[in-house]
Amino acid sequence: MNEKMLKEYARLIVEVGINVQKGQRLVVNCPVDCAEFGRMLTTAAYDAGARDVIVNWRDDYVNREHWLKADDDVFDTVNPWDVQKSLALAKEGAGHISIAASNPENLRGVDPDRLRRFDVAVGRDMKESSRLMMANYCPWCVVSIPILSWAKKVFPDLSDEAAMDRLWQEIFSAVRITEDGDAVEAWREHCNNLETRSAKLNEYRFKTLRYTNSLGTDLTVGMPEEHVWMAGGDTSRAGIKFVANMPTEEIFSAPKKDEVNGVLYASKPLNLRGNIVDGIRLTFEKGRIVDIHADQGEDILRAAIETDEGSHYLGEIALVPYDSPISNSGVLFFNTLFDENASCHFAFGEAYPSCVKGGDDLPMEELLKRGINADSSQHVDFMVGTADLSIIGTTEDGREIPVFVDGNFVI
Ligand code: ZN
Ligand code: ZN
């Protein structure tokens with residue numbers, strides 16, 4: 001791969017994604033297959049003034065062996081030293097970079113109950129640190145680079161080398177890296193455009209949004225009175241701008257927890273807990289998922305939704321035009337970071353506190369009173385956008401405003 005472009009990508013992640021500050025600690029979660037890029041990130045971070053860079057190495061093979069062969073009670077608790085470490089790092093506002101790259105089916109065949117039990121344990125034992133992360137105490141940024149097992153799943157007909165090259169091209173195009181070296185500027189402009197549109201959505205103060213399409217989706221989503229649409233960059237508690245996902249094409253908020261009704265069909269397969277789930281259909285009554293169906297991987301989906309009470313409810317609503325760069329590439333990535341930015345999506349599980357006015361400063365009980373789903377260990381995005389998706393908003397005073405017609409924004 002073109003070394004100049006790789007270095008620019010590393011710099012973009014450190015300077016725009018995290019916006020690392022002098023004296024700040026940085027955590028990099030990195031697959032061993034991406035070691036070379038992990039080293040580049042480390043250099044870019046120190047060059048930008050990081051105090052200390054901690055790299056947590058991960059490996060699909062080791063991970064799979066763990067899930068298949070570790071003692072069964074291992075999945076009922078989180079190691080106390082891991083809890084302490086992540087809490088201390090969150091409290092000091094350390095930046096967190098995660099490289100999301102793994103074989104989409106790495107955990108195929110693992111007992112779904114092990115996966116569920118460990119998520120319950122994470123939800124219980126890591127509650128404090130995950131709450132700090134969700135409320136932007138520390139800047140975080142999720143990015144991807146290709147690894148072979150993933151590239152071959154996306155491009156099965158290409159040779160190993162060609163599949164890797166093609167996935168690099170798709171990723172570089174999605175994150176606006178060209179050989180011209182102007183990615184930082186391109187990102188500022190992109191974030192501004194997204195923020196302009198989210199400001200427009202905020203002016204409407206929608207009470208409900210009704211989704212329909214030919215897949216069979218017919219879903220009415222209530223919105224909290226004080227909801228906020230967000231896009232592009234976030235701001236950490238220390239007042240530093242960061243970009244949590246690269247790429248990002250979405251404008252998102254949180255639905256009113258108990259006012260979602262109807263049927264919702266997913267439009268793309270979902271990579272969930274190291275498995276592929278496809279053909280998802282969920283039925284909602286007063287916000288709660290009351291019927292779960294998937295053509296493939298239903299047991300995995302069911303275990304995720306049944307992790308805790310909050311995971312039975314939606315926590316995110318996100319709008320992405322059908323006619324948008326990643327969607328137009330026509331590539332199915334089997335990686336949520338890319339697939340969710342190619343499609344309107346929802347997430348079941350916990351909402352981001354900042355989706356209601358002043359939410360980052362509110363305790364959980366207050367967030368629940370504001371109507372958002374503020375208590376779950378889960379946050380799982382799944383894609384629902386189609387070329388014929390219609391979304392009609394209803395305002396407080398009963399006006400009906402088309403928001404999406406034929407898959408695209410009309411406001
Ligand atoms: Zn999203
Ligand atoms: Zn999400």
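Predicted model: local features only at pLDDT ≥ 70, side-chain atom pairs only at ≥ 80, totals over all residues.
Some ground rules: local features need pLDDT of at least 70 and side-chain atom pairs count only at pLDDT 80 or more, while totals for chains, interfaces and linings use all residues. Residues are numbered from 1 along each chain as its sequence is written, chains are lettered from A and ligands numbered from 1 in the order in which they are written, and side-chain values use heavy atoms, with hydrogens and water left out.

**Helix packing**

Two packed helices are described by the angle between their axes and the distance between the axes. Helices here are DSSP runs of H or I with at least four residues, strands are E runs of at least two, and both are numbered from the N terminus. Axes are lines fitted to C-alpha atoms, for helices over the stretch in contact, with angles from 0 to 180 degrees between N-to-C directions.

| Helix pair | Angle | Axis distance |
|---|---|---|
| α5 (112-125) and α10 (298-305) | about 20° | 9 Å |
| α3 (60-69) and α5 | roughly 100° | within 10 Å |
| α4 (80-91) and α6 (127-134) | about 30° | 9 Å |

Let's start with α5 and α10, which pack at about 20° and are therefore roughly parallel (angles under 35 degrees; over 145 is roughly antiparallel, 65 to 115 roughly perpendicular, the rest oblique). On the α5 side P112, L115 and R116 make the contact (heavy atoms within 4.5 Å), and on the α10 side D299, I300 and A303 do. That set splits into four nonpolar, no polar and two charged residues. For these classes, Ala, Val, Leu, Ile, Met, Phe, Trp, Tyr, Cys and Pro count as nonpolar, Asp, Glu, Lys and Arg as charged, and the others, Gly among them, as polar.

Helix α5 also meets α3, where the axes cross at roughly 100°, so this pair is roughly perpendicular. H66, W67, L68 and K69 of α3 touch R114, L115 and F118 of α5. The tally here is four nonpolar, one polar and two charged. L115 turns up in the α10 contact and in the α3 contact.

S86, L87, A90 and K91 come from α4, with E128, S129 and L132 from α6. Those residues divide into three nonpolar, two polar and two charged.

**The cavity**

There's one cavity of 30 Å³ or more. A cavity is a set of points, on a 1 Å grid over the protein atoms alone, where a 1.4 Å probe fits but cannot get out, and lining residues have an atom within 4 Å of a point. The largest cavity has a volume of about 40 Å³, taken as the space filled by probe spheres set on the points, with grid points joined across faces, edges and corners. Its lining is E170, S173, A174, P325, I326, S329 and F333. Helix α8 (160-174) gives the largest share, three residues, and α11 (325-328) also supplies at least two. By class, the lining has four nonpolar, two polar and one charged.

Most residues other than glycine have a negative phi, and most peptide bonds are trans. The bond joining M246 and P247 is cis, with omega about 10°. P247 sits in the loop between β9 (241-242) and β10 (251-253). N136 has a positive phi, near 60°, and lies in the loop between α6 and β4 (140-143).

Conventions: 1 Å grid on protein atoms, 1.4 Å probe; cavity = no way out; pocket = protein on both sides within 12 Å on 5 of 7 lines; lining within 4 Å.
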